[in-house]
Amino acid sequence: MTALKNDRFLRALLKQPVDVTPVWMMRQAGRYLPEYRASRAKAGDFMSLCMNPQFACEVTMQPLDRYPQLDAAILFSDILTIPDAMGQGLYFETGEGPRFKKVISTLADIEALPIPDPQKDLGYVMDAVSTIRRELNGRVPLIGFSGSPWTLATYMVEGGSSKDFRKTKAMLYDNPQAMHLLLDKLAQSVTSYLNGQILAGAQAVQIFDTWGGNLSAAAYQEFSLAYMRKIVSGLIREHEGRKVPVILFTKNGGLWLESIADAGADALGLDWTCDIGNARERVGHKVALQGNMDPTVLYAKPEAIRAEVGRILASYGSGSGHVFNLGHGITPEVDPEHAGAFLRAVHELSAQYHV
Ligand code: 1CP
């Protein structure tokens, strides 16, 4: 394997010294980039991009080619590959988001769900990881990812996106045993899926718990965090002679950072609702932090973006343990020039904190 030419992302996750604060953007390959829209048109649709390792590799590389400041690549795929491999039939209605042909609603549905085998059932993802690693040739580390069991369960039970998670929460409170069985199967599936990605070449992994912050404090512990803790304890933590850092991102999880920091991961992703300096005081002795600029700041002018980057860097303060990112994914309407201004500002303004 080629040695990494830029490893400041991995170093910051392990709180080792860096020259500048590393940066990447959630959803950095996506619809805000004209080159992504062209690739998607060529492939036909979104799932064809994901399922063809050459296309997945092409779109993963697009933001890196455009922005030399990016310190990490993220596998181009989706969290919903797991429910698809469990037989739910994922499809995307143009402009409507994800949908499933088969929805999970009863205990019998859950009992019938298979645990996907990463090689046999999700081989296209493993192939994408190894293809991207080869293409990266040590340029920056590659991040693998999965959804959290709770976040995946919401899509599986609702049949797609939801505003209120009506069916999923009714199942949680009416039939907690069924929900636990579903989450347990998902935790097993996610563990072997992420381990498969690590063996195929992912150098760090992130678990996206996009909807965990929608639970009550008690339900979050029991139905989301417990399963992420289980996954973390089953992950391969060292590969190719290097640590493989694990990042947990619970959107709207700011109230629970202390308990998330105890789940065994190396780093926590923060959305923009918490102050990163305060988060560092609370959990910075245990974990590194990733985040946390409001993605809508990218609609403002480059000077305002730069000021906000400066404010977040100052709030975190000196020393390693911070990976700069947005607090959630970049949105399709953002001007790519503004994303560039954001990335440049992180490197330019952060050197002073690493002397
Ligand atoms: O081209 C298109 O129209 C599809 C848009 C799109 C893209 C670019 C979807 C559909 N997924 C993706 C890629 C994707 N999804 C990545 C790629 C890597 C990168 O960051 O560049 C990642 C990490 C995801 C993860 C993902 N998918 C999450 C968790 C992160 C988050 O944003 O909260 C979730 C919730 C999904 C589900 C999903 N897939 C696609 C959409 C539009 C959604 C969200 C639907 C909803 O809001 O409920």
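Start with residues 22–31 of this predicted model. Over this span the chain is 0% helix and 0% strand. Its end C-alpha atoms are 23 Å apart.

The UniProt annotation "domain: Uroporphyrinogen decarboxylase (URO-D)", from an unreviewed entry, covers residues 22–31 and 143–159. Residues 143–159 are 59% helix and 29% strand. The end C-alpha atoms of that span lie 27 Å apart.

Go back to Gly30. Gly30 lies in a loop, with helix H1 (8–13) on one side and helix H2 (34–43) on the other.

Next, colour the annotated binding residues. In the unreviewed UniProt entry, the feature "binding site" is placed at Arg27, Gln28, Ala29, Gly30, Arg31, Asp78, Tyr155, Thr210 and His328. Where do these residues sit relative to the largest pocket? From this set, Arg27, Gln28, Ala29, Gly30, Arg31, Asp78, Tyr155, Thr210 and His328 belong to the lining of that pocket.

Show the ligand. The ligand sits in the largest pocket.

- Tyr36: an N or O atom in the side chain is 2.5 Å from an oxygen atom of the ligand.
- Ser161: an N or O atom in the side chain is 2.7 Å from an oxygen atom of the ligand.
- Gln28: a polar backbone atom is 3.2 Å from an oxygen atom of the ligand.

Taken alone, the ligand exposes 890 Å². How much of that does the protein bury? The protein buries 88% of it.

Two backbone stops remain. Most residues other than glycine have a negative phi, and most peptide bonds are trans.

Select Phe165. Is its phi positive or negative? Phe165 is not a glycine, yet its phi is positive, at about 55°. Phe165 lies in the loop between helix H9 (149–158) and helix H10 (166–174).

Finish at Gly291 and Asn292. What kind of peptide bond joins them, cis or trans? The bond between Gly291 and Asn292 is cis, with omega about -5°. Asn292 lies in strand E10, which runs over residues 288–293.

Definitions and conventions
Residues are numbered from 1 along each chain as its sequence is written. This is a predicted model: local features need pLDDT of at least 70, side-chain atom pairs count only at pLDDT 80 or more; totals for chains, interfaces and linings use all residues. Side-chain values use heavy atoms; hydrogens and water are left out. UniProt positions are given in the numbering used here, feature names are shortened, and annotations may be inferred rather than shown by experiment. Helices (H or I, at least four residues) and strands (E, at least two) are DSSP runs, numbered from the N terminus. A polar contact is a pair of N or O atoms within 3.5 Å; within protein, one must be able to donate a hydrogen and the other to accept it, and residues adjacent in sequence count only if both atoms are side-chain atoms. Accessible areas come from the Shrake-Rupley method with a 1.4 Å probe; for residues, only the protein chains shown count as cover. On a 1 Å grid over the protein atoms alone, a cavity is a set of points where a 1.4 Å probe fits but cannot get out, and a pocket is an open set with protein on both sides within 12 Å along at least five of seven lines; lining residues have an atom within 4 Å of a point. A molecule sits in a cavity or pocket if more than half of its atoms lie within 2 Å of its grid points.
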